[in-house]
Amino acid sequence: MDTIVKPRRLAVTGDPSYSHSLPGWAYLDPEIYEREKEEIFYKTWQYAGWVGDLKEPGDYITASMLDQSVIILKGANGQLHGFHNVCQHRGHQLLAGTGRVGNITCPYHAWTYQLDGTLRTARGAEKLERFNAAQFHLKPVRVEVFCEKFVFYNLDNGAKPLGELAGDLAEDIRKETYRFGLLDRQERKRFGAREVNANWKIVMDNFQECYHCRAAHPGFSAYYNMATYKVETHGYWSCQRGEARNHTKSAFTEETGAKTNKVRFWWLFPNTTFNSRTEDPEAMGVTVRIPTDLTHTDAWMDLYRQPGTVQPPNPAPLTFDEDDVINEAVQRGLASKGYDSGRFIYDPEHLETTEEAVHIFHKLIVEALKL
Ligand code: FES
Ligand SMILES: [Fe+2]
């Protein structure tokens with residue numbers, strides 16, 4: 001790639017009212033992308049799935065991110081264990097999807113591991129000298145359950161606990177999501193219509209502000225009261241809170257006791273979002289956006305809902321397709337020789353126009369990559 005010919009200026013500073021945004025090269029350079037894998041994706045908490053899939057000993061889920069795959073399973077002792085999804089013999093992947101096992105048996109030469117990852121049998125190894133089964137324990141991966149529902153993992157054994165990084169986010173999600181305790185994961189689906197031709201940071205930037213909503217999402221902006229739309233940042237996460245312009249139209253107001261049609265968009269560094277809307281009070285979406293390469297981003301979502309309830313038609317217009325078009329146009333624009341970096345709009349009242357959540361995202365990127 002020969003697009004990077006300009007000096008590499010960087011003016012992301014601590015104060016959003018003075019800070020510039022990440023420059024174009026930070027979205028275009030394959031070396032930056034490689035560093036993001038090592039310093040961000042392999043060191044941060046990644047959403048894997050629903051704790052309800054891990055009820056009995058031997059229940060497992062698998063999750064993959066970039067070129068990594070993990071197993072999370074319920075051990076005989078009832079504890080959750082996380083392992084890299086790779087056999088310690090010659091590297092075959094061990095499990096796929098979700099299910100229940102008595103032990104983990106590799107499909108290749110049938111080495112078997114106990115639920116705690118200990119190597120149990122390796123046929124033929126008894127004839128070897130100096131074969132120490134303890135050296136072939138499955139490699140552990142950190143696991144945490146967030147908000148009593150959401151299973152996260154972290155490939156960095158030295159990472160701070162998620163509860164410590166974002167305990168206040170868990171509180172906020174519990175408090176602000178109607179009947180949160182009753183939600184079960186009902187469905188996993190692709191979030192948007194397709195993979196987006198844009199760097200993953202463009203997609204996250206776009207999620208983090210609603211400054212663009214009036215111009216790009218006329219339907220959304222007409223439905224919600226943009227004059228009271230609020231953005232909050234909390235260092236490692238952010239939240240956007242909106243309320244419908246005319247909440248009396250909610251079909252759920254009387255039936256569920258929901259006071260108003262609220263939308264909540266939470267973001268957890270670097271790539272997990274949670275959204276809840278009280279038009280559909282039993283639903284929450286947990287979305288993972290993941291790069292497939294430097295300039296493409298995919299997404300998948302777990303949809304949580306109270307069992308037995310049916311998803312009503314959403315009266316608020318969706319914005320995914322509109323955002324995809326924007327994100328791809330930004331990808332093209334950032335490569336322009338006529339662009340360096342921009343300046344955040346910051347509203348001290350944290351209302352609609354503020355881009356302070358994009359700013360904390362950029363700050364965390366700069367810190368993680370030591371730019
Ligand atoms: S690679 Fe797993 S048993 Fe050989
Ligand atoms: Fe948008």
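User: Is C210 buried or exposed?

Analyst: In this predicted model, C210 counts as buried, because its relative accessibility is 2%, under the 20% cut-off.

User: Which residue does a disulfide join to C210?

Analyst: The partner is C213, with an S to S distance of 1.9 Å. That pair qualifies because the sulfur atoms lie within 2.5 Å.

User: And C213, buried or exposed?

Analyst: C213 is buried, at a relative accessible area of 4%.

User: What is the handedness of that disulfide?

Analyst: The torsion about the S-S bond of C210 and C213 is about -95 degrees, so the disulfide is left-handed.

User: How many disulfides does the count come to?

Analyst: The count comes to 1 disulfide.

User: What about C106, buried or exposed?

Analyst: C106 counts as buried, with 3% relative accessibility.

User: Then C147: which cysteine sulfur is nearest to it?

Analyst: The nearest cysteine sulfur to C147 is that of C239, at 12 Å, and C147 is in no disulfide. The relative accessibility of C147 is 3%, so C147 counts as buried.

User: Changing topic to the backbone. Where is the cis peptide bond that involves P270?

Analyst: The cis bond runs from F269 to P270, and its omega is near 0 degrees. P270 sits in the loop between β14 (262-268) and β15 (272-277).

User: What is the phi of L66?

Analyst: L66 has phi near 55 degrees, which is positive although the residue is not glycine. L66 belongs to the loop between β2 (59-65) and β3 (68-74). With a relative accessible area of 25%, L66 is partly exposed.

User: And what phi does H350 have?

Analyst: For H350, also a residue other than glycine, phi is positive at about 60 degrees. The loop that holds H350 lies between α7 (320-334) and α8 (356-369). H350 counts as partly exposed, since its relative accessibility is 26%, which falls between the 20% and 50% cut-offs.

User: Which residue of β4 stands opposite L73?

Analyst: H81 in β4 stands opposite L73.

User: How many residues lie between the strands of that hairpin?

Analyst: The hairpin of β3 and β4 has 5 residues between its strands, and G78 there takes a positive phi near 85 degrees.

User: In general, where do side chains point along a regular strand?

Analyst: In a regular strand, side chains alternate between the two faces of the sheet.

Definitions and conventions:
Residues are numbered from 1 along each chain as its sequence is written. Chains are lettered from A and ligands numbered from 1 in the order in which they are written. This is a predicted model: local features need pLDDT of at least 70, side-chain atom pairs count only at pLDDT 80 or more; totals for chains, interfaces and linings use all residues. Side-chain values use heavy atoms; hydrogens and water are left out. Helices (H or I, at least four residues) and strands (E, at least two) are DSSP runs, numbered from the N terminus. Buried means under 20% relative accessible area, exposed over 50%, partly exposed in between (1.4 Å probe, protein chains only). Two strands pair if DSSP finds at least two bridges between them.
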